[in-house]
Structure formats: C-alpha cells, structure tokens
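Hello,

Here is the structure I promised to pass on to you. Please open it next to this email and follow along as you read.

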Amino acid sequence: MNPEAFGASYEESVRIPLSDVEKQIQNERDRYILGAFTKDHQLAGITGFQREHKIKTQHKGMIWGVG
C-alpha cells in the first residue's frame, strides 16, 4: 500500500477510537464495504459502495476505497 494515497495520516488515524471506526463501517442496505479474500483467507482487496438518497439520483451509486 502507498500511505501517501490516503487522505488521513497515520498520526491522525491512530487517535480515532476503535468504537468510532466500527460505527463508520456498519453495513447497511445502501452503504457497505466488501472484502476479497484469497483461498487461505488473507484479505486481498477492499472496496466500499454508497447509493445516492435523493429521489432523482437514487438509481446511482458510488464505489470508493478500491484497494
């Protein structure tokens, strides 16, 4: 991974309580995080998805955090 590709630094991220991180990654119907794993159960990739909520754009979604 390339740390310079992320918006937050390690120094900022390490100060965030784990309970706050857990709240941010709760899967919901229109907002979730997916992981891809190897045959020996090692995390190989991750991505997030979030659907738009407005009536005229709810058919759209955003894929983020592909890595």
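Below is what was found in it, starting with the whole chain.

First, two notes on the source. This is a predicted model, in which local features need pLDDT of at least 70 and side-chain atom pairs count only at pLDDT 80 or more, while totals for chains, interfaces and linings use all residues. Residues are numbered from 1 along each chain as its sequence is written, and side-chain values use heavy atoms, with hydrogens and water left out.

The chain has two helices and three strands; helices (H or I, at least four residues) and strands (E, at least two) are DSSP runs, numbered from the N terminus. Along the sequence they come in the pattern α-α-β-β-β.

How does the chain's radius of gyration compare with that of a compact globule of 67 residues? The globule would have a value near 11 Å, but the chain has 15 Å. This radius is taken over C-alpha atoms, and the globule rule is 2.2 Å times the number of residues to the power 0.38. The C-alpha trace spans about 40 × 35 × 25 Å along its principal axes. Of the 67 residues, 6% count as buried, meaning under 20% relative accessible area, with exposed over 50% and partly exposed in between (1.4 Å probe, protein chains only).

Now for the sheet. Strands of a sheet pair through backbone hydrogen bonds, either parallel or antiparallel. Here three strands form an open sheet in the order β1-β2-β3, with antiparallel pairing (two strands pair if DSSP finds at least two bridges between them). The edge strands, each pairing on one side only, are β1 (31-37) and β3 (61-64).

Look next at β1 and β2 (residues 43-51), which pair in the antiparallel sense over seven bridges. In β2, G48 is the bridge partner of I33, and G45 stands opposite A36. The two strands form a hairpin with five residues between them, and H41 in that turn has a positive phi of about 65 degrees.

Finally, find I46 in strand β2. Is I46 buried or partly exposed? I46 is partly exposed, because its relative accessible area is 37%.

Enjoy exploring it!

Best wishes
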